[in-house]
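The sequence and the structure come first.

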Amino acid sequence: MYEKTYPNKRFKLTLQFLQKHINTSESILDLGVKNPFSEIMISEGFSVENTTGEDLDENQSAIETSSADVITAFEIFEHLLSPYEILKSIKANKLVISVPLKLWFAPAYRSKTDMRDRHYHEFEDWQLDWLLEKTGWTIKDRQQWTNPVNKIGIRPILRRFTPRYYIVYAERV
């Protein structure tokens, strides 16, 4: 999954944000297949169950039938056509979600070899806020951070101070 670049900074900041808002006694349904970050959550004492790779645009049954206290969605919503339906189907009262922010100087990400590894949405922070508000969530905390790269050029310089990731803790209204 991260053959060339392991997102140390993103994982570190995501874990700190999660630990700030979610107790290890609360069960988590993490949207998306088991991945390196879900393994980190487990190693930090969280009780985590992942969805199994089903197309969440077409099938929300794992979300609808989950008894988890918290839903997490780290770098998932940008791949979905209809995040509105997913947010509406959540039964849990707590949500931690992160998305990559739209970069004005770079096109949306699209893998040419993997149909599921494409960004349909690249959010601006206000768009995710509005989506959460419209689906019955109240944002309690938010954070943004940059993702600098060790390359030379205009875009790498812009990445040093342009926020790339946005994480939100929200509760059901």
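## Terms and basis

Two strands pair if DSSP finds at least two bridges between them. Helices (H or I, at least four residues) and strands (E, at least two) are DSSP runs, numbered from the N terminus. In this sense Gln144 stands opposite Tyr166 in E6.

The model is predicted: local features need pLDDT of at least 70 and side-chain atom pairs count only at pLDDT 80 or more, while totals for chains, interfaces and linings use all residues. Residues are numbered from 1 along each chain as its sequence is written, and side-chain values use heavy atoms, with hydrogens and water left out.

## Overall composition

The protein chain has six helices and six strands. Along the sequence they follow the pattern α-β-α-β-α-β-α-β-α-β-α-β.

Of the 173 residues, 47% count as buried, where buried means under 20% relative accessible area, exposed means over 50%, and partly exposed lies in between (1.4 Å probe, protein chains only). Contact means heavy atoms within 4.5 Å. Among contacts between residues at least 6 apart in sequence, 66% join residues at least 24 apart.

## The sheet

Strands of a sheet pair through backbone hydrogen bonds, either parallel or antiparallel. Here six strands make an open sheet with mixed pairing, in the order E2-E1-E3-E4-E6-E5. The edges are taken by strand E2 (47-50) and strand E5 (137-145); each has a single partner strand, so one side of each is left without a neighbour in the sheet. On average, neighbouring strands of this sheet are turned by 20° against each other, direction ignored. Axes are lines fitted to C-alpha atoms, for helices over the stretch in contact, and angles run from 0 to 180 degrees between N-to-C directions.

Strand E6 (residues 165-172) pairs with E5 in the antiparallel sense over eight bridges. Trp137 has Arg172 in E6 as its bridge partner. E4 and E6 also run antiparallel, joined by seven bridges, and Leu95 stands opposite Ala170 in E6. E6 is mostly covered, with six of its eight residues buried.

Which strands does helix H1 touch? Helix H1 (residues 8-21) packs on the sheet against strand E3 (70-74), strand E4 (94-100), E5 and E6, and its direction makes about 150° with that of E5. Helix H2 (residues 36-43) also packs on the sheet, where it touches strand E1 (27-30), E2 and E3; the direction of H2 makes about 155° with that of E2.

The axes of H1 and H2 come within 11 Å and cross at roughly 45°. Angles under 35 degrees count as roughly parallel, over 145 as roughly antiparallel, 65 to 115 as roughly perpendicular and the rest as oblique; H1 and H2 are therefore oblique to each other. Their crossing is right-handed, the term for a near helix turned clockwise from the far one by less than a right angle, with anticlockwise being left-handed. H1 contributes Phe11, Thr14, Leu15 and Leu18 to the contact, and H2 contributes Pro36, Phe37, Ile40 and Met41.

## Aromatic cluster

The whole structure holds four aromatic pairs. Rings of Phe, Tyr and Trp (its six-membered ring) pair if their centres lie within 6.5 Å; planes under 30 degrees apart count as stacked, over 60 as edge-to-face and the rest as tilted. Phe11 and Phe37 form a tilted pair, 5.3 Å centre to centre with 45° between the planes. Phe11 lies in helix H1 and Phe37 in helix H2, so the pair ties together parts that are 26 residues apart in sequence.

Phe37 and Phe74 have ring centres 5.1 Å apart and planes at 80°, so this pair is edge-to-face. This second pair links distant parts of the chain, with Phe37 in helix H2 and Phe74 in strand E3, 37 residues apart. Phe11, Phe37 and Phe74 form one aromatic cluster. Each member is buried: Phe11 has a relative accessible area of 6%, Phe37 one of 3%, and Phe74 one of 12%.

## Ser38

Is Ser38 buried or exposed? Ser38 is buried, with a relative accessible area of 0%, and its place is in helix H2. Leaving aside residues up to four places away in sequence, Ser38 touches Asp30, Val48 and Asn50.
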